Amino acid sequence: MQIKVNGQAIEIFSGAKVRDVLRKYSRAEWKLVQKNEKKVCDRHGHEVALDGELNGGEEFFIKEW
Amino acid sequence: MRNEILSSPRIRLLLLSLLIVFAFPSCASMPPAPAEARIVIFHSNDVHGKIDNFAKVAAIIERERKNCENVYYFCAGDNFTGNPVIDQYDPPGEPVLELLNRLRLDLLCLGNHEFDFGLDNLKKFAARTRFPFVCANIQAGGDAFPQLRPSVVLETKSGVRIAVFGLIQIEAGNGLPSTHPDKVKGLLFSEPLAKAWEMKKLRAGNQVLLALTHIGYDADLLLAQQMPELDAIIGGHSHTRVDPAENVNGVLVAQAGSDNRFLGRVELLVKNGRVVAKKGGLIDLGGPLSEDAEIKAMIVRFNQNPAFDKVIAKAPLEITGKDALGSLMTDAMRQVHGLDIAFQNEGGIRLNRLPEKITLKDIYTLDPFGNQVVQFAMTAAEIRGLIRGSFAKGNEIDLQVSGISYVVRSDSAQQIKEILLRNPDGTPLAEDKKFQVGISSYVASAYNFAHADPGRSLQSTTADALIRYLQSGVDLSIYRDVQRAFWEKTAEDPRP
């Protein structure tokens with residue numbers, strides 16, 4: 001399935017979680033999120049948890065707190 | 001003229017009917033206009049076995065119950081999977097069952113992870129709950145799931161009727177919820193938003209219409225757009241922190257994050273038979289809130305799960321080193337899921353030894369990350385690409401393997417010259433065949449490798465596979481001196 005992170009399309013296995021698609025997008029950004037220095041929001045601006053389950057076509061943004 | 005009209009039998013019958021309707025309103029075909037009601041609905045979703053904050057949840061709900069007569073507690077699915085202490089309870093999920101019963105949950109919408117312990121376990125669980133299960137887009141043929149209902153109607157003390165229907169997500173590929181397909185055999189699933197159209201009929205005769213969903217926030221927004229008849233959607237699945245709840249197309253859309261870190265609270269004001277005001281928000285459970293002492297004691301008891309110290313397998317000797325432990329972990333993945341080949345990265349092996357008497361605690365210390373098994377159909381060339389990418393991360397062997405052995409040959413500058421893949425009998429792996437390969441979700445997402453198959457999670461963790469493998473009574477003596485991944489540094493190529 002395809003998920004967008006910061007506008008970039010990422011192909012990820014079905015059944016993946018938010019953490020999986022972040023790791024595939026950028027190891028560096030993933031580490032910042034893991035350290036709670038950044039957060040992940042959906043396209044509506046709501047924060048999502050890293051174990052959130054994904055559906056194809058969703059879009060996320062990595063943001064400063 | 002006047003007497004003529006009154007003497008007509010049809011007119012006299014009509015007048016008699018009107019007299020009955022106005023004199024005895026309870027006999028009328030339409031219910032009487034209900035009184036005003038303030039309705040408070042607390043909601044949780046995607047608890048995933050994180051029970052510690054239930055003592056705070058209980059205190060908050062009980063306090064509200066003392067102040068308001070119409071207080072409900074809903075759960076939008078996924079109570080299981082995510083906390084080994086709870087997942088490994090005997091019977092599985094028992095702590096969640098006892099806590100939700102004790103908290104007087106009013107309604108549960110099934111989430112995909114409610115099925116993780118199998119349908120039989122879920123039915124046993126449902127038989128002991130004091131709350132109904134709702135989900136409109138599941139068809140359970142015959143006796144497959146007698147406790148499941150598409151919708152329920154709750155009624156306040158003042159006579160306000162609250163209709164609630166449930167919806168569960170399904171995957172685009174297989175049309176099933178995100179759980180192992182074997183876990184939902186015997187059930188039929190339909191597309192949730194299409195099913196919701198049929199639920200519009202619930203609007204008639206009910207003053208409040210709610211959807212309790214496990215379809216994710218994006219799908220909840222689509223539902224709100226297509227169904228303005230709804231007063232509110234209380235959702236789950238995407239673990240979205242919606243605070244305050246959004247008003248979309250006149251429909252309040254709420255979701256309370258995940259892992260019991262927040263408790264959702266929706267408030268509805270009903271006047272003259274319809275909702276005239278509504279709002280929703282989250283209560284952060286991370287702060288110093290008061291706790292229900294009885295619930296707290298239950299949680300302490302559940303967290304001391306004796307199953308964790310129980311010996312689940314005995315080895316003739318300690319299993320030591322990354323080669324042996326990685327071989328054990330990948331054998332488990334391959335055997336339990338019926339795969340051809342399995343890989344495990346060494347960074348995911350968090351112990352150097354397993355004792356002779358192996359407990360669940362040992363397994364979750366060895367493999368603590370909750371990574372899922374992901375299946376790919378891969379060619380030999382793609383498998384080489386995976387090994388090449390893993391080797392390049394640190395210029396050393398990184399992937400332990402089951403189903404094949406491999407040799408990485410490099411030059412003195414550690415540049416890979418070739419990767420040999422061999423079957424267990426030493427013959428070369430077929431180049432023209434696709435193999436079903438299992439790898440952890442960490443490797444699947446963090447390693448660079450080309451694969452034509454996008455892959456699919458088997459909705460089961462690598463630790464679960466190891467537990468099931470060990471519990472099958474496998475001979476653990478084979479993990480003495482085992483090695484399947486080799487690195488050969490060749491001398492400089494003598495050829496020109």
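The following legends describe close-up views of a predicted model. Local features need pLDDT of at least 70 and side-chain atom pairs count only at pLDDT 80 or more, whereas totals for chains, interfaces and linings use all residues. Residues are numbered from 1 along each chain as its sequence is written, chains are lettered from A and ligands numbered from 1 in the order in which they are written, and side-chain values use heavy atoms, with hydrogens and water left out.

**View 1. Aromatic cluster in chain B.** Ring pairs link F80(B), F117(B), F125(B), F131(B), F133(B) and F145(B) into a cluster. Rings of Phe, Tyr and Trp (its six-membered ring) pair if their centres lie within 6.5 Å; planes under 30 degrees apart count as stacked, over 60 as edge-to-face and the rest as tilted. Over all chains, the structure holds 12 aromatic pairs. The ring centres of F125(B) and F133(B) are 6.4 Å apart and the planes stand at 75 degrees, so this pair is edge-to-face. The pair of F133(B) and F145(B) is also edge-to-face, with centres 6.1 Å apart and planes at 65 degrees. F133(B) belongs to strand β4 (residues 133–134) of chain B, and F145(B) to the loop between β5 (138–140) and β6 (148–149) of chain B, so their contact ties together parts that are 12 residues apart in sequence. Helices (H or I, at least four residues) and strands (E, at least two) are DSSP runs, numbered from the N terminus. F133(B) counts as buried at 1% relative accessibility, and F145(B) is buried with a relative accessible area of 3%. Buried means under 20% relative accessible area, exposed over 50%, and partly exposed in between (1.4 Å probe, protein chains only).

**View 2. Salt bridge between R128(B) and E94(B).** A salt bridge is a side-chain nitrogen of Lys or Arg within 4 Å of a carboxyl oxygen of Asp or Glu, and 28 are counted over all chains. Here the closest N and O atoms of R128(B) and E94(B) are 2.8 Å apart. The pair links distant parts of the chain, with R128(B) in helix α6 (residues 119–128) of chain B and E94(B) in helix α5 (residues 94–102) of chain B, 34 residues apart. R128(B) is partly exposed, with a relative accessible area of 47%, while E94(B) counts as buried at 8% relative accessibility.

**View 3. Salt bridge between R203(B) and D231(B).** The two side chains meet at 3.2 Å, N to O. R203(B) is in the loop between α7 (192–198) and β10 (208–214) of chain B, and D231(B) is in the loop between α8 (217–226) and β11 (232–235) of chain B, 28 residues apart. R203(B) is partly exposed, with a relative accessible area of 25%; D231(B) counts as buried at 7% relative accessibility.

**View 4. Salt bridge between R353(B) and E318(B).** The N to O distance in this salt bridge is 2.8 Å. R353(B) lies in strand β20 (residues 353–354) of chain B and E318(B) in the loop between β17 (311–314) and β18 (319–320) of chain B, so the pair ties together parts that are 35 residues apart in sequence. R353(B) is partly exposed, with a relative accessible area of 38%, and E318(B) counts as partly exposed at 38% relative accessibility. Elsewhere, salt bridges that share partners join R38(B), E64(B), R265(B) and E267(B) into one network.
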